[in-house]
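Me: I would like to learn how to read the features of a structure like this one. Please take them one at a time, with the general idea before the case.

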Amino acid sequence: MAETTAHDIQAKEMNMLLVFKEFCDAHNLRFYLCGGGLIGAIRHKGFIPWDDDLDIFMPRPDYEKLAELWPIYGDKRYTYCRTSRDKIYHDAGASIRDEETTFINRHSVNEDICHGLALEIMPIDGCPKGAVKRFFQLMWAMTFALFNAQRLPDNKGKLYRMLAGCIYKVISKPSWRYHIWRFAEKQMSQYDFETSDEVTELIGSLKGMKLRHPRQDFDHVVYKEFEGYQIPVMAGYERYLRLIWGDYMQLPPVEQRVAKHDAVYIDMDNSYKNYKGIHYLVNERR
């Protein structure tokens, strides 16, 4: 693997974040740091020292507008990526990826996609009132995750993983999987973010899916220092962090202070295109 440090990756991620922020400001799109980036902003005023990525939340309306606007007006160094009929990223959300870098995840080594470093983006959706509607929203969300990501999940429990393996064997045609996840996505996201009393994250861990949040926590932002810049986070970040991580100001044990991604090859100085047939699509010709 090319010699790459966490600092090298973080520098590239930071540049992407600033370009993304400028774009969102120009087009009136809301976004906020989430995941390790949010903890980093509050606890470290920047990256968690051992972290190697950044995750973004966007309200569903802004998330869908981004899909329309970025390919037209976005910085051409960075490609908007999201699973479609023809391209499978094995991640249920969207991303902005740096075409001039290489970050090949193990789950995608057989895909002819953009393997550049990613700024991961996930929607926040409206949450319905009533237990029955909420139950079906969660069922559609799990169906979407299963057929959109098209890989055995690591963060939804052993039972879900076992069921997923069986379902993949039965429903194996890519066209079937595509139509299923497209329908599931429409069903799970039918509740309007702007008028719902509560909102929810339907892409990610099972724990995150189950949580409901007051919309006021997400319908506007506050700014926190991140690597010397003022970056938006959700207004209810304290309550959100406590729900997900408990005492989020407490550092994890030393043995857990490692990057979470399973990359087979990283190179921040050269495009992934140089490694086709070498580190991904190894059985394909250039």
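Reply: Start with strand pairing: two strands pair if DSSP finds at least two bridges between them. The model here is a predicted one. In it, strand 5 (residues 102-105) and strand 11 (residues 263-267) pair in the antiparallel sense over four bridges. Phe103 has Ile266 as its bridge partner in strand 11.

Me: Which strands pair with strand 2, and in which sense?

Reply: Strand 1 (residues 32-34) pairs with strand 2 in the antiparallel sense over three bridges, with Ile56 in strand 2 as the bridge partner of Leu33. Strand 6 (residues 118-127) pairs with strand 2 in the parallel sense over six bridges. There, Pro59 has Ile124 as its bridge partner.

Me: How do I read the two faces of a strand?

Reply: Side chains in a regular strand alternate between the two faces of the sheet. In strand 2, Leu54, Ile56 and Met58 are on one side, Asp55, Phe57 and Pro59 are on the other, and all are buried. That is six of six residues, so burial here means under 20% relative accessible area for each of them. Strand 5 is also covered on both faces: Thr102 and Ile104 are buried on one side, Phe103 and Asn105 on the other.

Me: Which residues of helix 6 are buried?

Reply: The general idea is that an α-helix has 3.6 residues a turn, so residues three or four places apart point the same way. In helix 6 the buried residues are Arg177, Tyr178, Trp181, Ala184, Glu185 and Met188. They cover an arc of only 140° around the axis, so they lie on the same side of helix 6. These buried residues pack against helix 3 (60-73), strand 3 (78-82), helix 4 and helix 5 (158-170). Helix 6 has 15 residues and spans 21 Å from first to last C-alpha, close to the 21 Å expected at 1.5 Å a residue.

Me: How many aromatic pairs are there, and how is one described?

Reply: A pair of aromatic rings is described by the distance of the centres and the angle of the planes. The count is 14 aromatic pairs. For Phe47 and Phe226 the centres are 5.1 Å apart and the planes are at 65°; planes over 60 degrees apart count as edge-to-face, so this pair is edge-to-face. Phe47 is in the loop between helix 2 (35-44) and strand 2, and Phe226 is in strand 9 (residues 221-226), so the pair ties together parts 179 residues apart in sequence. Phe47 is buried at 8% relative accessible area, and Phe226 is buried at 0%.

Phe144 and Trp181 are also an edge-to-face pair, at 5.9 Å centre to centre and 80° between the planes. This pair links helix 4 (residues 131-149) to helix 6 (residues 174-188), 37 residues apart.

Me: How many salt bridges does the structure hold?

Reply: Side chains of opposite charge can pair when their charged atoms come close. The structure holds 18 salt bridges. One of them joins Arg30 and Asp62, with the closest N and O atoms 2.8 Å apart. Arg30 is in the loop between helix 1 (6-26) and strand 1, and Asp62 is in helix 3, so the pair ties together parts 32 residues apart in sequence. Arg30 is partly exposed at 22% relative accessible area, whereas Asp62 is buried at 4%.

Asp112 and Lys276 meet in a salt bridge at 3.2 Å, N to O. Asp112 is in the loop between strand 5 and strand 6, and Lys276 is in the segment after strand 11, 164 residues apart. Salt bridges that share partners also join Arg60, Glu64, Arg82, Asp125, Arg182 and Glu185 into one network.

Key. Residues are numbered from 1 along each chain as its sequence is written. This is a predicted model: local features need pLDDT of at least 70, side-chain atom pairs count only at pLDDT 80 or more; totals for chains, interfaces and linings use all residues. Side-chain values use heavy atoms; hydrogens and water are left out. Rings of Phe, Tyr and Trp (its six-membered ring) pair if their centres lie within 6.5 Å; planes under 30 degrees apart count as stacked, over 60 as edge-to-face and the rest as tilted. Helices (H or I, at least four residues) and strands (E, at least two) are DSSP runs, numbered from the N terminus. Buried means under 20% relative accessible area, exposed over 50%, partly exposed in between (1.4 Å probe, protein chains only). The expected span of a helix is 1.5 Å times one less than its number of residues. The arc is that of the directions from the helix axis to the C-beta atoms. Contact means heavy atoms within 4.5 Å. A salt bridge is a side-chain nitrogen of Lys or Arg within 4 Å of a carboxyl oxygen of Asp or Glu.
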